[in-house]
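This report looks at a few local features of one protein chain. Please keep the sequence and the model in view while reading.

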Amino acid sequence: MVKAVFLSLAALLAAVAGGAMLWPLLRAGKRAIWGTLVASMAVATVGLYLWLGTPAALQSRDVEAPQSLEQAVEQLRAVLDEHPGRTEGWVLLARSQLELGRVADAAASFERALQLEPDQPELLIEAAQARARAHPKMLFDDTGLQWLQHARKVAPDSERALWLIGIVQRQRGQDEAAVRTWESLLPRLEPNAAAALREQIDAARADAGLPPSTPAAAAPAAATAGDHAITVRVALAPALQARVAAGKDTLFVIARVPGGPPMPVAVERHPAQSGPLTVTLDDADSPMPTQKLSALDEVEVFARLSASGTAMRQDGDVESAPVKLSLPTDRTLDITLGQP
């Protein structure tokens, strides 16, 4: 009974965390409400795991119910250090770390879970996605690809595995392979999802030099990638000069769809420096070839000073206000981080 309660609540946490990907719900005043819901559910789930899922681990210690997700994560990690053989505990820890923006820690926790159960397809997929999120440019590496391929092997009908393998192939310039992968997925999808995937397939076919899979209406000539390049000059306010002198901070320059999902359409990562930094964002800086900068008419650009060196925003980061730009533009965008 206890295990069933935990598993159902853990699934609910996963659903809530996954729902955060539905970016329209995060807009305007709904953002704070949604964040509170996710954090509260995460604390409740981790707390119930601590109190019900590992009673033996808690008999010898005086542990109070966690009051925050950070506290719950620390308590859960302590339990798992003593009892590392609980796959569901590592998975719950990883999902909670993702909610805190600790993507590198989450990737490591998912990997610990995989060491215990290496043939669970959904776990393989979650672990690969977390590993990609922890990458400086949000790319799938060879290990992540191996996990996705293994997930496909043990669960041939996994739509998520096929979709993500296609993304990896696109990231690596294997456009024709991505076309084959995604076209094999099409018959399994509902009409709306299939229509959206066909757009991605046609983009991959175009990059592979193949004709579109369906007739397309004539459209205006597309702008070249160079036309849509954005030059950004980032300087640091005097208050941040002492901080970057230690040489431990990282500077991210990011472009994304205005009001859209958090995934960048272009991002560059550089060591923070005291003097101004000038970068040019273009299609080569896109972590997702299916969403290129040159395909957009408008973006918002901002810079972030990160102490952790990871692309996900974390406590202590300094971020500029997003600036909306219409594309193409020959303007050099000046950003000063740390301005009041």
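**Salt bridges**

A salt bridge is a side-chain nitrogen of Lys or Arg within 4 Å of a carboxyl oxygen of Asp or Glu. The side chains of Asp 334 and Arg 233 form one, with N and O 2.7 Å apart. This pair connects distant parts of the chain: Asp 334 belongs to strand β8 (residues 332-337) and Arg 233 to strand β1 (residues 230-236), 101 residues apart. Asp 334 has a relative accessible area of 48%, so the residue is partly exposed. Arg 233 is also partly exposed, because its relative accessibility is 35%. The model is predicted, and it holds 18 salt bridges.

Another salt bridge joins Arg 160 to Glu 122, where the closest N and O atoms are 2.6 Å apart. Arg 160 is in helix α9 (residues 159-171) and Glu 122 is in helix α7 (residues 121-134), so the pair ties together parts that lie 38 residues apart in sequence. Arg 160 is partly exposed, at 35% relative accessibility, and Glu 122 is partly exposed too, at 40%. Arg 170 and Asp 175 also meet through their side chains in a salt bridge of 2.6 Å, N to O. Both Arg 170 and Asp 175 are buried.

**Strand β1 and its neighbours**

Which strands pair with β1, and in what sense? Strand β4 (residues 277-281) pairs with β1 in the antiparallel sense, over five bridges. Within β4, Thr 280 is the bridge partner of Thr 231. The pairing of β1 with β8 is parallel and runs over six bridges. In this pairing, Ala 235 stands opposite Thr 336 of β8.

In a regular strand the side chains alternate between the two faces of the sheet. The covered face of β1 holds Ile 230, Val 232, Val 234 and Leu 236. Its uncovered face holds Thr 231, Arg 233 and Ala 235. Arg 233, on the uncovered face, is the residue whose side chain meets that of Asp 334 in a salt bridge.

**Arg 205 in helix α11**

Arg 205 is located in helix α11 (residues 191-207). Is Arg 205 buried or exposed? Its relative accessible area is 15%, and buried means under 20%, so Arg 205 is buried.

The side chain of Arg 205 makes a polar contact of 3.0 Å with the side chain of Glu 183. Leaving aside residues up to four places away in sequence, Arg 205 touches Val 179, Glu 183, Leu 210, Pro 211, Pro 212 and Ser 213.

**Backbone exceptions**

Most residues other than glycine have a negative phi, and most peptide bonds are trans. Met 138 is not a glycine, yet its phi is positive, at about 55°. Met 138 sits in the loop between α7 and α8 (142-154). Its relative accessibility is 11%, so Met 138 counts as buried.

The peptide bond from Leu 327 to Pro 328 is cis, with omega near -5°. Where is Pro 328 found? Pro 328 is in the loop between β7 (323-326) and β8.

How values were computed. Residues numbered from 1 in each chain as written. Predicted model: local features only at pLDDT ≥ 70, side-chain atom pairs only at ≥ 80, totals over all residues. Heavy atoms only, no water. Helix = DSSP H or I, 4+ residues; strand = E, 2+ residues; numbered from the N terminus. Buried < 20%, exposed > 50% of the residue type's maximum accessible area, 1.4 Å probe, protein only. Polar contact = N/O pair within 3.5 Å; in protein donor to acceptor, adjacent residues only side chain to side chain. Contact = heavy atoms within 4.5 Å. Pairing = 2+ DSSP bridges.
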